[in-house]
Structure formats: structure tokens, C-alpha cells
Amino acid sequence: MSGGKLAAGDSPRSASSADELERLFGDPYDEGNPVGYAPLLEADDRAEMFGDGEALLDDFRLNAEFVPVEYGGRLSRLDDLVEVMRAVYRRDPSLGLGYGASSLISSVNVWTAGNHEQRRQVADLLLRNGKVAAAYHELAHGNDMAGTEMNAVPTAGGWCLNGRKEVVTNIRRADAMVLFTRTGPGNGSRNHSQIFVEKSHVPAGRIDYLPRYRTVGMRGVQLGGAVFRDCPVESGALIGRQGQGLETAMRSFQITRATLPAMMTGILDSALRATMLHVTGRTLYGGRAGDLPHVRSILTGAFTDLLICEAFSLVAVRAIHLLPSASSLYSAAAKYAVAGGLLRATDRLASVMGAEFFRRDGRQAIFQKLLRDLKPVGFGHAARAACQTTILPQLGVLSRRPGSPATPPTALFRIDADLVPPAFDALAVSSRGRDPLGSSLDELSDALAGEGGDRTVREHVAHLRAELREIREKAGGLAPHELTFTADADSYDLVERYVNVLVAVGCLQVWRHNRDGDDGFLAEPLWLHAALGRLRTGWNQHVVASPSVEDGLFAQMSTRLTENRSFGLLGRRLYGA
């Protein structure tokens with residue numbers, strides 16, 4: 001490993017880090033580009049991590065984005081981190097997970113509950129371009145973390161580990177790992193802990209690695225497992241207090257549930273670009289494929305979905321900074337909604353690509369990789385279903401406490417707003433009935449009525465208020481067993497409806513608070529009409545916008561394609577394509 005603590009002039013990095021990384025990646029379609037699509041796909045065919053891509057990220061010092069400024073890194077804003085990682089996911093999702101996100105998933109547990117020495121250790125490791133693995137998963141128990149069998153027994157010098165972990169990213173090649181293990185009998189919430197294990201401190205022969213798992217997507221990512229046999233670790237390896245492991249995981253999950261799907265919008269961005277390039281260069285029935293009404297509807301629908309996903313992601317990610325007491329609600333909603341939106345939109349784009357969507361050669365061969373690599377967004381790290389079970393019991397509390405004394409701060413929605421660094425230790429396991437975002441609907445309704453503005457927007461707001469009232473009333477009538485994982489389909493349907501309301505309010509507030517910005521498209525209600533219409537029908541992919549809205553969206557897409565800008569909320573300048 002090389003590198004080390006950043007020089008004073010390098011810390012912190014602003015959102016311009018994303019621009020710099022885009023410049024370094026260059027044109028993905030340039031056949032002479034060593035980090036372009038051609039060599040990337042060759043590495044994928046071999047099921048290898050993209051070596052030249054990893055070398056570029058080493059030189060860029062990507063790991064510094066995961067380390068708080070106070071420990072020598074560049075992490076001061078999670079939304080800036082998301083923008084940098086979108087550049088990685090736009091280029092190669094396997095790099096996004098296998099180089100970057102794996103270490104983020106691990107390290108946030110240390111930033112959340114670790115002591116100063118542990119934080120310094122992790123920071124130093126990452127700033128030397130090292131890797132940390134998150135060893136949570138055991139195949140026999142899936143998302144049931146309370147069923148974990150891996151155990152740690154206290155000894156005179158620390159802890160002795162026995163058990164196995166499976167399907168862990170980078171477990172073999174990581175320099176250290178954050179291990180979720182049982183430290184007490186039974187399945188109670190205080191019987192599990194997290195332990196930081198530096199491999200260089202482990203005696204030889206105490207960790208046996210399992211064969212690598214082969215996967216359909218993310219083929220370059222090193223997924224494996226390990227068996228720990230009488231493996232000693234020092235007493236200072238315990239992260240937080242004994243028995244605090246599940247609580248730490250639930251708090252750190254809020255960071256990753258919000259940020260990881262937000263990063264993976266970059267995959268849909270690239271898939272949409274590949275599809276647009278395909279249809280604008282293809283002739284069907286005597287004209288361009290992109291001029292066919294059904295094709296346009298799918299393309300503008302995917303564009304709308306991307307804007308929805310990035311608008312709500314902005315809110316969920318910033319809530320970690322600004323509304324940490326309610327973040328458990330919004331991060332789970334983001335994972336559920338954004339992951340689902342990305343998957344549906346990309347699947348629909350595959351129908352436009354036709355036979356091209358599964359080709360492993362040709363100019364748009366990247367599409368089939370993007371399609372495969374996106375799939376883990378729905379189940380990786382924390383499944384969408386697990387996010388529903390996080391929201392459901394909180395929905396019951398919300399029904400009994402529908403109001404919220406806190407008005408969401410403007411910085412939650414305004415793109416150019418300043419943010420204080422996140423206080424990870426302020427994150428709460430439950431929102432305890434607080435939902436400033438949903439409760440802002442009443443104030444939003446009054447403000448829009450006073451402005452006398454767009455009638456369509458005001459009508460959507462009235463519908464959302466009625467929908468939220470009905471959801472709360474129905475949730476208030478649920479029996480206790482209907483607020484747990486044993487709930488029936490009707491209860492989970494309430495969760496889906498509630499999440500759709502939150503997403504719609506997020507889009508409304510982002511539009512409202514950025515109408516005076518430099519981005520004319522973002523300020524116009526055009527994209528908002530399309531977004532609210534889609535969400536009103538439960539994100540039905542077959543619902544199309546009006547012809548005028550659709551024409552406006554397609555014109556914007558065409559402009560961004562020509563100007564080489566991203567299709568996401570910020571319309572970021574790209575390098576290449």
C-alpha cells in the first residue's frame with residue numbers, strides 16, 4: 001500500500017472531486033482509453049476486478065472520501081461523497097462496490113461507535129489505500145442478524161472468535177474487517193457485538209478462507225467467506241460496548257441505506273445514455289427508433305425515475321446531517337424506493353435495447369453489464385424487504401403522533417446549501433413518531449396556495465395530504481402483530497403507500513426550494529408533473545406523461561446527450577461519451 005494522511009491543502013475536497021474523477025476516467029467509448037469500456041468489459045469477462053480502474057482510484061485517493069476530515073480524510077458532506085461515487089458507478093459498478101462501498105459499509109460502524117484509537121486505525125488504513133470488509137452475513141440466517149452463530153468468547157487477553165461468515169465482499173483481500181458476532185446467549189438485542197479485526201494481528205492458521213462465490217452480476221467483485229477457528233483478538237478490538245453490536249448496525253445502516261442506492265443511480269444514468277445512443281443511431285420503419293412514441297415513453301419514464309430517485313436520495317442523505325433523529329425512517333424509505341425505481345427503469349430500458357441488451361460485444365455492450373450489476377441494489381447489504389420491516393413499526397407510532405414540531409430545514413432540499421459534518425453518534429434507532437418531511441405537507445399546501453401558482457402541483461399536494469391521512473388512520477387500526485415481520489400483505493401495502501408519499505413530498509420540496517437557481521429545467525414544474533403523476537399511481541411504469549410533458553422531457557434528454565451531461569438531478573458535466 002502507498003499513500004498516507006492528506007496534506008492540509010487537500011482536505012477537505014468539495015463536490016469538485018466528482019468533476020476531477022470524471023476527467024480522470026475520460027471518454028468511456030474511446031478505444032484507446034485504458035479505463036474505458038473496452039478493457040473494463042474484458043476484465044468482467046474474466047471475472048476480475050478492473051486493475052487499471054483500481055490503480056486510477058488509488059492515485060485519486062478515493063478512500064479519503066470515506067474518512068472524516070478530523071481524521072485526515074475528505075468526508076465532510078455525505079451528498080458530496082455520493083456525487084464522487086456516482087462517477088465510479090457510472091463507469092464500473094464493480095469498482096463502486098469492490099473498491100469503494102465495501103470499505104464505506106465497514107468504516108461507518110467505527111465512525112458511529114468506535115473509540116478514538118479505532119477511528120485512527122481505520123483512517124490510517126484507508127488513507128494508505130487499504131481495504132476493510134464488513135463481515136456480517138451468514139447464509140443460514142440471511143437478514144436475521146439476531147440469529148448470528150459466529151461467537152466471541154472473552155479471554156484473559158481479549159476475545160476468541162469461532163464461526164464462519166459468508167458472501168462477504170473483499171474478505172480475503174481486505175486488510176481488516178468489522179465482524180458482527182454473538183457475545184452472549186440467546187437472540188436478545190444485547191447479545192451481539194462488533195469487533196474490529198486487523199489481519200496482521202491474527203496468528204497464522206486461525207482464519208481459513210472459503211472458495212470464492214461466482215455471481216451473475218458484479219462479476220469482478222471478490223465475494224467470499226471465512227472460517228474462524230480459535231482466533232484471538234485483543235481486548236481493544238471491541239467496537240463500542242459489549243452487546244451494542246445490533247444497535248450500532250442499525251444506526252450505521254442508516255448511512256449506507258441512504259447513500260448506496262443514491263450512488264447506484266449512476267448505473268441507471270449510464271444505462272440511459274447507452275440506450276439513447278442506441279435509439280438515436282438506429283433506423284426502424286423508415287425513421288429513427290427514438291421517434292417512436294412507445295420508445296419515447298419508456299425513455300422519458302426512465303429519465304423521470306432517475307430524477308425521482310436522485311431528488312429523494314438528496315433528502316434522505318442530507319437527513320443524516322440535519323434530521324438524525326428521523327433518519328432511520330428516511331434511509332429505509334430511500335433504500336426501498338430508490339432501489340425499486342432503479343431496477344424497474346433499467347428493466348424497461350432493456351426492452352428498448354431489444355436484442356442488443358444481452359450482447360457482450362459491440363458499441364453498447366456495456367448495457368448488459370450495467371443491467372446485471374444493478375441487481376444487488378435490491379438485496380445487497382440490506383434487502384428492500386428488511387427496510388419495510390424497519391418502517392412498519394414506526395408507521396404505527398406515526399399514526400398515534402401524526403404531527404411533528406420540527407419544520408424541515410431549507411438545507412434539506414436546497415442544492416447549494418451549506419451543511420455541517422454529520423454527527424454519526426446522533427443517529428437514533430427509531431424516529432419515535434417524528435416525520436418532519438411528511439408533516440411539511442400542510443405548510444407546503446398553504447405556501448403554494450398563497451403563491452397561487454401551478455394548479456396541477458397544488459392538486460397533487462391535496463391528493464397527498466388525503467393519502468397521508470388515510471394511511472395514518474389505517475395504521476392506527478393495526479393490531480400489534482401487524483406491525484412486525486409477521487404482518488400480512490395489507491400492512492406492507494401501507495408501507496409502500498407511505499414511502500410513495502415521502503418520495504413525492506421530497507420531490508416537491510426539492511423543486512420548491514430550487515426554483516430560483518441557475519438550472520432552468522430543475523426550476524420548471526415539467527419534471528415535477530411527470531414525477532408526481534408517476535408516484536400517484538404507485539410508480540406504475542406503464543403510466544406515461546402527457547404529450548407536452550413527454551416532448552419537453554425528451555428535448556431535455558437530447559440536449560444533455562449532445563452536451564455530454566448526466567441525466568441526473570444536477571445534470572453534471574461528463575467527460576466522454
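# Briefing: salt bridges, a charged patch and selected residues

Glu-247 has a relative accessible area of 23% and is therefore partly exposed. The model described here is predicted.

- Glu-247 pairs with Arg-251 through their side chains, forming a salt bridge with an N to O distance of 3.7 Å.
- Helix H7 (residues 245-263) holds both Glu-247 and Arg-251, which are 4 residues apart, about one turn of the helix.
- Arg-251 has a relative accessible area of 7%, so this residue is buried, while Glu-247 at 23% is partly exposed.
- Elsewhere, one network made of salt bridges with shared partners takes in Asp-44, Asp-45, Asp-92, Arg-360, Lys-369, Arg-372 and Asp-373.

**Other salt bridges**

- The model has a count of 42 salt bridges.
- Side chains of opposite charge can pair when their charged atoms come close.
- Glu-83 and Arg-572 form a salt bridge between their side chains, at 2.9 Å from N to O.
- Glu-83 is buried because its relative accessibility is 8%.
- Arg-572 is buried because its relative accessibility is 11%.
- Arg-77 and Asp-80 form another salt bridge, where the closest N and O atoms are 4.0 Å apart.
- Both Arg-77 and Asp-80 are buried.

**Negative patch on the surface**

- Which residues gather in a patch of negative charge on the surface? They are Asp-488, Asp-490, Asp-493 and Glu-496.
- Asp-493, one of the patch residues, is located in helix H15, which spans residues 489-512.
- The relative accessible area of Asp-493 is 40%, so this residue is partly exposed.

**Val-67, a buried loop residue**

- Val-67 sits in the loop that runs between helix H3 (51-60) and helix H4 (78-91).
- Is Val-67 buried or exposed? Its relative accessibility is 0%, so Val-67 counts as buried.
- Leaving out residues up to four places away in sequence, Val-67 touches Gly-73, Arg-74, Leu-75, Trp-111, Ala-123, Leu-126 and Leu-127.
- Val-67 and Thr-275 are separated by 208 residues in sequence, and their C-alpha atoms are 36 Å apart in space.

**Residues with a positive phi**

- Most residues other than glycine have a negative phi.
- Val-167 has a phi near 50 degrees, which is positive although the residue is not glycine.
- Strand E3 (residues 158-169) contains Val-167.
- Val-167 has a relative accessibility of 31% and therefore counts as partly exposed.
- Asp-230 also has a positive phi, near 45 degrees, and is likewise a residue other than glycine.
- The position of Asp-230 is in strand E7, made up of residues 223-234.
- Asp-230 has a relative accessibility of 45%, so this residue counts as partly exposed.

Definitions and conventions
Residues are numbered from 1 along each chain as its sequence is written. This is a predicted model: local features need pLDDT of at least 70, side-chain atom pairs count only at pLDDT 80 or more; totals for chains, interfaces and linings use all residues. Side-chain values use heavy atoms; hydrogens and water are left out. Patches are made of residues with over 30% relative accessible area and no salt bridge: like charges are joined within 9 Å, nonpolar side chains (Val, Leu, Ile, Met, Phe, Trp, Tyr) within 5 Å. Accessible areas come from the Shrake-Rupley method with a 1.4 Å probe; for residues, only the protein chains shown count as cover. Lys and Arg count as positive and Asp and Glu as negative; His and the chain ends are not counted. The place of a charge is taken as NZ of Lys, CZ of Arg, CG of Asp or CD of Glu. Helices (H or I, at least four residues) and strands (E, at least two) are DSSP runs, numbered from the N terminus. Buried means under 20% relative accessible area, exposed over 50%, partly exposed in between (1.4 Å probe, protein chains only). Contact means heavy atoms within 4.5 Å.
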